[in-house]
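Here is a short briefing for a first look at this structure. Keep the sequence and the 3D view open as you read.

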Amino acid sequence: MRSPAAGGWRLQPRGSVGGSKLTKRIIHNIRIALLCAFVTLLVLRGTVGVNRRLVHIATFSNRAPPGVNKAADDIERILREIHADADADPNDDVTTPPATTATRHYDRGVAWSTANYSLGPRVTRWNARRRRWLHLNPGFPSRDARGRPRVLLVTASPPGPCDTGPAGDHFLLRATKNKIDYCRLHGIELAAHDMLMRVDGALAGGGGWGKLLMLRRLMLAHPEVEWLWWVEHDALVTDMGFELPLARYEGVHLVVHGNHYLLFNLRSWAAVSTGSFLIRNCQWSLDLLDAWAVMAPRGRARRDAGELLTATLHGRPAALEADDQSALVHLLITEKERWMEKVYLENEYYLHGHWEGIVDKYEEAMEKHHPGYGDDRWPFVTQFVGCKPCIGGGGNSSEEYPVDRCARGMERAFNFADNQVLRLLGFKHESLASAEVRRVANRSANPLEAKEEALSFLKRPKDPVVQSHDVRKNRKRKRKRRDSVLDIMLKRLGLRPES
């Protein structure tokens, strides 16, 4: 045994055994972190694009496309093997928690992947650029002659003849005339298009997804327009006297007919309607249209998105591709914090009305009510959802909306609206079921007075003053007590202050 003087004994550094174990644990943790980061990047690479918006709502569904559960199980198995290969430390009391089902639900949102999609080159600082353009071009004011924000009504029809023949073409002609009449009465501009619009072969003009591209192009081409009002080709304005309450939408950028409970509690696919809506010309709207169009590309992307929307939205029919209305509902639910602050769900008047519950009540409306209300008393907009007057043999293949029933409803709605315009000329339809007209008044003797009378008919009557039942409001005021002679003398002498 060597002596200490000979250098035979060396003191072992204190804690070297524990330091070696600690080093191993650090190395293993680094390996695990690097491998987890690599696996995360692989997963995120397949979820870029539309799928980032599908994750939140997919957690409420128990359905998942084939292969998604297998991918989640494989990731969990790899992580378990990594932890099993690491050297166990008896002094380490930390245990790895078991994988939960939340991870599987997260991955179930990755139903399919698609490349990033947009309606065109990104536009930035549009609000500032638009203000500068308006300043440099005073001949194009953003307000009309009455001082109201300038509105552009936008509609579109198929680029070719209707599949239903002359009957479908005639309806589109009358629907366009209906919108022209309303715009002429209220000083609104009209943009009616029948062109086929495509972006990389993904979007087509007309209704549906094509409206997003059309609205975006019109926003950029008409900076003088404050509001764009989209109305589908199969919708009619049936209250010619109703004024859009634009003052109500100060600070709002999107106005859609909808219901808050159906949207966020029931998650119904019909919670909002995109058949008739208002959108402001601003940067927020351009960003919304880009986010809204994520599910638009044709092919597998739109089909798989439709399956996800059917699985997550209440009441949505199966075997449907992704449609623009369901996509908007999905976007408002999954990104509520980003969008809903500037969205107004309108339900005080019929910005959009379903024709089934409206067309049979026109006689009652004419008997009891008056134009200008826009609500159930005199509906503002009536859309013939499901009839498809320009598509298919006879218009609609569904038994729920027979062709003859749709044609009857369209005829009644158009004549109901047309009567309000013909009143200016002194004519009226024989009945709501007939296109024949007859003269009901002579507008030639006093034409200006007759016009004022006809226009006053379209205005909403003033609501009657409701007598209050509050005793305090109906109580007669007490008469002011007159000053006595003594009071007057004391006031003049300055011995009593003036009342």
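Predicted model: local features only at pLDDT ≥ 70, side-chain atom pairs only at ≥ 80, totals over all residues.

Phe380 is buried, at 0% relative accessibility. Phe380 lies in the loop between helix H13 (362-368) and strand S8 (381-383).

**Aromatic pairs around Phe380**

- The structure holds 16 aromatic pairs.
- In one of them, the ring centres of Phe242 and Phe380 are 4.8 Å apart.
- Their planes stand at 50°, so this pair counts as tilted.
- Phe242 sits in the loop between strand S4 (235-237) and strand S5 (254-258).
- Tyr349 lies in the loop between strand S7 (343-346) and H13, whereas Phe380 lies in the loop between H13 and S8.
- These two residues are 31 residues apart, and their pair links distant parts of the chain.
- Tyr349 counts as buried, at 2% relative accessibility.
- Which residues form one aromatic cluster? They are Tyr182, Trp229, Phe242, Tyr349 and Phe380.

**A charge over a ring**

- The charged end of Lys336 sits over the ring of Phe264.
- The distance to the centre of that ring is 4.3 Å.

**Helix H9 and its neighbours**

- Helix H9 covers residues 283-292. H9 is mostly covered, and ten of its ten residues are buried.
- The buried residues of H9 include Trp284, Asp287, Leu288 and Trp292.
- Helix H7 (residues 210-221) packs against H9, with axes that come within 10 Å and cross at roughly 160°.
- H7 and H9 are therefore roughly antiparallel to each other. The cut-off for that class is an angle over 145 degrees.
- The crossing of H7 and H9 is left-handed.
- On the H7 side, the contact uses Leu212, Leu215, Arg216, Met219 and Leu220. On the H9 side, it uses Ser285, Leu286, Leu289, Asp290 and Trp292.
- Helix H11 (residues 324-334) also meets H9. Their axes come within 10 Å and cross at roughly 110°.
- That angle makes H9 roughly perpendicular to H11.
- The crossing of H9 and H11 is right-handed.
- Leu288, Ala291 and Trp292 of H9 make this contact with Asp324, Ala327, Leu328 and Leu331 of H11.

**Arg216**

- Is Arg216 buried or exposed? Arg216 counts as buried, at 4% relative accessibility.
- Arg216 is found in helix H7.
- Leaving out residues up to four places away in sequence, Arg216 touches Leu119, Gly120, Pro121, Arg122 and Val123, among others.

**Asp360**

- Asp360 is found in the loop between S7 and H13.
- Asp360 is partly exposed, with a relative accessible area of 48%.
- Not counting residues up to four places away in sequence, Asp360 touches Arg408 and Arg412.
- Asp360 and Arg412 are 52 residues apart in sequence, yet 8.4 Å apart in space, C-alpha to C-alpha.

**Positive phi angles**

- Most residues other than glycine have a negative phi.
- Ala319 is not a glycine, but has a positive phi of about 60°.
- Ala319 is placed in the loop between helix H10 (300-312) and H11. At 83% relative accessibility, Ala319 counts as exposed.
- Lys388 also has a positive phi, near 50°.
- Lys388 lies in the loop between S8 and helix H14 (403-422). Lys388 is partly exposed, with a relative accessible area of 44%.

**The chain as a whole**

- The chain has 17 helices and ten strands.
- Of its 499 residues, 43% are buried.
- Take the contacts between residues at least 6 apart in sequence: 75% of them join residues at least 24 apart.

Key:
Residues numbered from 1 in each chain as written. Heavy atoms only, no water. Phe/Tyr/Trp six-rings, centres within 6.5 Å; stacked < 30°, edge-to-face > 60°. Helix = DSSP H or I, 4+ residues; strand = E, 2+ residues; numbered from the N terminus. Buried < 20%, exposed > 50% of the residue type's maximum accessible area, 1.4 Å probe, protein only. Lys NZ or Arg CZ within 6 Å of the ring centre and 35° of its normal. Axes fitted to C-alpha atoms, helices over the stretch in contact; angles between N-to-C directions. Parallel < 35°, antiparallel > 145°, perpendicular 65-115°, else oblique. Left-handed = near helix turned anticlockwise from the far one by under 90°. Contact = heavy atoms within 4.5 Å.
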